[in-house]
Amino acid sequence: MRPFLLTAGRVAGGGTGPPLPVETQVVATSSGLRVLGSLAFEQHDIVAACRRPQSVAELAARLRLHLNVVRVLAEDLCAAGHLAVHVPDARTAQDISVLRRVIDGLRTVPDSREALRDSG
């Protein structure tokens, strides 16, 4: 399915502020877990996957969704109170091991052809 269909043509950060940084940690709230059964497809998958905190990049890779789709849907879920955002400490964001994990996660996100970026 085309990414713009999942977000109704919206782009990350297209609303009230900049897009969620890829290293931003998101976690399901108790409210999100309560309404899990009533959420639609990708939103359900995002909240279900966020029972433990993880970065937006890790979430996109895990669910094999386009990074900006995850950003838009995560922003929607945060606004609805179904996800909580934990912005990492600036020192952590500059830690090379954290950056390496984010890069590795981004490499596992499929491109628009559903091929992994690192596969020839």
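Buried means under 20% relative accessible area. By that cut-off Thr-29 is buried, because its relative accessible area is 19%. The model discussed here is predicted. Its chain has seven helices and three strands. Of its 120 residues, 36% count as buried.

**Overall layout**
- Read from the N terminus, the elements run α-β-α-α-β-α-α-β-α-α.
- Among contacts with a separation of 6 or more, 69% join residues 24 or more positions apart.

**The largest nonpolar core**
- The largest nonpolar core holds 26 residues.
- Ile-46, Val-47, Cys-50, Leu-59 and Leu-83 touch the most other members.
- At least two residues of this core come from each of β1 (25–28), α3 (41–49), α4 (56–63) and α5 (67–79).
- The element that gives the most is α5, with six residues.
- Leu-59 is in contact with Val-26, Ile-46, Ala-49, Cys-50, Gln-54 and Val-70, leaving aside neighbours within four places in sequence.

**Helix α3 and its packing**
- Which residues of α3 are buried? They are Ile-46, Val-47, Ala-48 and Ala-49.
- The axes of α3 and α5 come within 10 Å and cross at roughly 75°.
- That angle makes α3 roughly perpendicular to α5, because 65 to 115 degrees counts as roughly perpendicular.
- On the α3 side, Glu-42, Gln-43, Ile-46 and Val-47 take part in the meeting with α5.
- On the α5 side, the partners are Leu-73, Asp-76 and Leu-77.
- By class, this contact has four nonpolar, one polar and two charged residues.
- An α-helix has 3.6 residues a turn, so residues three or four places apart point the same way.

**His-44, also in α3**
- His-44 lies in helix α3.
- Its relative accessibility is 27%, so His-44 counts as partly exposed.
- Leaving aside neighbours within four places in sequence, His-44 is in contact with Leu-36 and Leu-39.
- How far apart in space are His-44 and Leu-77? The C-alpha to C-alpha distance is 9.9 Å, while 33 residues separate them in sequence.

- Thr-29 lies in the loop between β1 and α2.
- The side chain of Thr-29 reaches the backbone nitrogen of Gly-32 at 3.0 Å.
- Which residues does Thr-29 touch, not counting those up to four places away in sequence? They are Gly-81, His-82, Leu-83 and Ala-84.
- Leu-83, one of these, is also among the core residues that touch the most other members.

**Arg-64, a loop residue with positive phi**
- Arg-64 lies in the loop between α4 and α5.
- Its phi is positive, at about 55°, although Arg-64 is not a glycine.
- Arg-64 is partly exposed, because its relative accessible area of 42% falls between the 20% and 50% cut-offs.

Conventions
Residues are numbered from 1 along each chain as its sequence is written. This is a predicted model: local features need pLDDT of at least 70, side-chain atom pairs count only at pLDDT 80 or more; totals for chains, interfaces and linings use all residues. Side-chain values use heavy atoms; hydrogens and water are left out. A nonpolar core is a set of buried Ala, Val, Leu, Ile, Met, Phe, Trp, Tyr and Cys residues joined through side-chain atoms within 4.5 Å. Buried means under 20% relative accessible area, exposed over 50%, partly exposed in between (1.4 Å probe, protein chains only). Helices (H or I, at least four residues) and strands (E, at least two) are DSSP runs, numbered from the N terminus. Contact means heavy atoms within 4.5 Å. A polar contact is a pair of N or O atoms within 3.5 Å; within protein, one must be able to donate a hydrogen and the other to accept it, and residues adjacent in sequence count only if both atoms are side-chain atoms. Axes are lines fitted to C-alpha atoms, for helices over the stretch in contact, and angles run from 0 to 180 degrees between N-to-C directions. Angles under 35 degrees count as roughly parallel, over 145 as roughly antiparallel, 65 to 115 as roughly perpendicular and the rest as oblique. Ala, Val, Leu, Ile, Met, Phe, Trp, Tyr, Cys and Pro count as nonpolar, Asp, Glu, Lys and Arg as charged, and the others, Gly among them, as polar.
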